[in-house]
Amino acid sequence: QVQLVESGGGLVQAGGSLRLSCAASGSIFSIKTMGWYRQAPGKQRELVATVTSGGTANYADSVRGRFTISRDNAKNTVYLQMDTLKPEDTAVYYCNVRIEPYLMMKEYNYWGQGTQVTVSS
């Protein structure tokens, strides 16, 4: 059993900052790519950023230069530092982690429960 627990969402004014965290726990053998996605009302879920097990980060064009993804492998945690937030960043943010559970010999994608980020103008 693997669980992802997100934290850090909230309400912030435009130009402000928030930091999201997502911690994985349970029967984990190894963690591969970790990432964040978001879904605004009436829109499809979209990629925000990912980071590989080796630390290589990838960003959506809309957040590059404003958001920073990082991970702490010792804590099985991925972070998303969001700076210079804009109203269009308002969405539910979901972490996504690719994990190989113990004894499964196979990788699976797991999703967090989602955390609301609201940016007021």
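1. A residue is called buried here when its relative accessible area is under 20%, exposed when that value is over 50%, and partly exposed in between. The model is a predicted one, and with that cut-off Cys 22, whose relative accessible area is 0%, is buried. Cys 95 likewise has a relative accessible area of 0% and is buried.

2. The torsion about the S-S bond is about 45 degrees, so the disulfide is right-handed. Cys 22 belongs to strand β3 and Cys 95 to strand β9, and the link therefore connects distant parts of the chain, 73 residues apart.

3. The largest nonpolar core has 31 residues, and those touching the most other members are Trp 36, Val 48, Phe 67, Ile 69, Leu 80, Met 82 and Tyr 93. At least two residues of this core come from each of β1 (2-7), β3 (18-26), β4, β5 (46-51), β7 (67-72), β8 (77-82), β9 and β11 (115-120), while β9 gives the most, with 5 residues.

4. Which residues does Tyr 93 touch, not counting residues up to four places away in sequence? Among them are Trp 36, Val 48, Phe 67, Leu 80 and Met 82, and the list also includes Glu 6, Leu 20, Arg 38, Gly 114 and Val 117.

5. There are 3 aromatic pairs in the structure. In one of them, the rings of Phe 29 and Tyr 102 have centres 5.7 Å apart and planes at 70 degrees, so the arrangement is edge-to-face. Phe 29 lies in strand β4 (residues 28-39) and Tyr 102 in the loop between β9 (91-101) and β10 (108-111), so this pair ties together parts that are 73 residues apart in sequence. Phe 29 counts as exposed at 51% relative accessibility, whereas Tyr 102, at 46%, is partly exposed.

6. Tyr 37 and Trp 111 form another edge-to-face pair, with 5.1 Å from centre to centre and 65 degrees between the planes. Tyr 37 is in strand β4 and Trp 111 in strand β10, so that distant parts of the chain, 74 residues apart, are linked. Tyr 37 is partly exposed with a relative accessible area of 23%, and Trp 111 is partly exposed with 41%.

7. Asn 96, in strand β9, counts as buried at 10% relative accessibility. Leaving aside neighbours within four places in sequence, Asn 96 is in contact with residues including Tyr 37 and Trp 111, and also with Thr 33, Met 34 and Tyr 110.

8. Arg 98 is also placed in strand β9, but at 30% relative accessibility Arg 98 counts as partly exposed. The side chains of Arg 98 and Glu 107 are joined by a polar contact of 2.9 Å. Beyond neighbours within four places in sequence, the contacts of Arg 98 include Ser 30, Ile 31, Lys 32, Tyr 108 and Asn 109.

How values were computed
Residues numbered from 1 in each chain as written. Predicted model: local features only at pLDDT ≥ 70, side-chain atom pairs only at ≥ 80, totals over all residues. Heavy atoms only, no water. Phe/Tyr/Trp six-rings, centres within 6.5 Å; stacked < 30°, edge-to-face > 60°. Helix = DSSP H or I, 4+ residues; strand = E, 2+ residues; numbered from the N terminus. Buried < 20%, exposed > 50% of the residue type's maximum accessible area, 1.4 Å probe, protein only. Contact = heavy atoms within 4.5 Å. Core = buried A, V, L, I, M, F, W, Y, C linked by side-chain atoms within 4.5 Å. Polar contact = N/O pair within 3.5 Å; in protein donor to acceptor, adjacent residues only side chain to side chain. Disulfide = S-S within 2.5 Å.
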